[in-house]
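Have the view open as you read.

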Amino acid sequence: MVNFETQSGENPIQLSHAETDALLAAVSEQLNQNTFNPDDQKILKQMIESMGDSRGMVRLSFAEALGKVGKPVTPLLLETVANHPNPVVRRASTKTLTLIADPIAVPTLVNALLNDEDTVVKGSSVGALAKIGEAAVPALLEILASSEYPESAKGYAVWALAFIGAQAKEYLYREINSDSPEVRAAVVGAIAKIAEERTEAESFQILINALTDASPIVRCEAAVALGSLAHQPAIPNLVELLHHPDWETRKAAALALMKIGDDVALEPLQTALIQEQEAGVQAVIKLAISQLENN
């Protein structure tokens, strides 16, 4: 193993490339032989520090090695994500936490998502939250429901919830009744992922019900989801939305009917076109009619 006598106290230092390679080789051999000591804090700290190496493959190799060590290294990685001055090390640490997927990391990862100055750290943090799964769902929903957080953070949270999908099902089915339109819209997107993976009747019914939500962003999200899923039972509900007072809702409904591709929607679309006053919606309805006529 590399000699650490040159270090000051317990704090790791940035090793030379040769020393780093020697450390990586020694650690890899011990992991392969199941002789690595996960309680050796000095070695673990040095491995984390070595994720600041200038060589990408070396950083990746240390991340994978630490991922094999698993939960014993989580506290050190959390300290690094929270306080390390080098964004490269913070990035690698959040990516390593993705490999470990330890639920105790949720608060630190949420803090990094909301407050780290480095956009890659933010993205890696939400990737780790998504991989952790169900345990991260309440924190992600809280981000969406709050008016304090930026739209970028909410966008990350929406993506993570969709990624988690079925693991978050019980939370999502409950939160479809949230007071927050942002939460309801995110829930619709995540439930669409569940419906795609599992074709559960309850998921499809929630999406259809969301077409009558008071919020246009929820209605449109539901229409987009049902169109993407080509869910034919939703056609009557979408046809009804062609006459909704909100033009964005009408547009979303026309697009969804086009994607479903059933010519039973052709006549209602032609009727809607005659009545439509909004140029942007007229264009979408014309496109939908053209597509259906050519099917």
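1. Before the helix pairs, a word on how they are described: an axis is a line fitted to C-alpha atoms, taken for helices over the stretch in contact, and an angle between N-to-C directions can run from 0 to 180 degrees. Keep in mind, too, that this is a predicted model.

2. Start with helix α7 (residues 119–132) and helix α9 (residues 151–164): they pack at about 30°, and their axes lie 8 Å apart. Angles under 35 degrees count as roughly parallel, so α7 is roughly parallel to α9. Their crossing is right-handed.

3. Which residues make that contact? From α7 come T119, K122, G123, V126, G127, L129, A130 and K131, and from α9 come Y156, A157, W159, A160, F163 and I164. By type, the residues of this contact are nine nonpolar, three polar and two charged.

4. Helix α7 also meets helix α6 (residues 106–115), with axes that come within 8 Å and cross at roughly 145°. This crossing is left-handed. On the α6 side, the contact involves V106, L109, V110, A112, L113, L114 and N115, while α7 brings V121, K122, S125, V126, A128, L129 and I132.

5. Now look at T20, which sits in helix α1 (residues 17–32). Is T20 buried or exposed? It counts as buried, because its relative accessibility is 0%. Setting aside neighbours within four places in sequence, T20 is in contact with L15, S50, D53, R55, V58 and F62.

Key: Residues numbered from 1 in each chain as written. Predicted model: local features only at pLDDT ≥ 70, side-chain atom pairs only at ≥ 80, totals over all residues. Heavy atoms only, no water. Helix = DSSP H or I, 4+ residues; strand = E, 2+ residues; numbered from the N terminus. Parallel < 35°, antiparallel > 145°, perpendicular 65-115°, else oblique. Left-handed = near helix turned anticlockwise from the far one by under 90°. Contact = heavy atoms within 4.5 Å. Nonpolar A, V, L, I, M, F, W, Y, C, P; charged D, E, K, R; others polar. Buried < 20%, exposed > 50% of the residue type's maximum accessible area, 1.4 Å probe, protein only.
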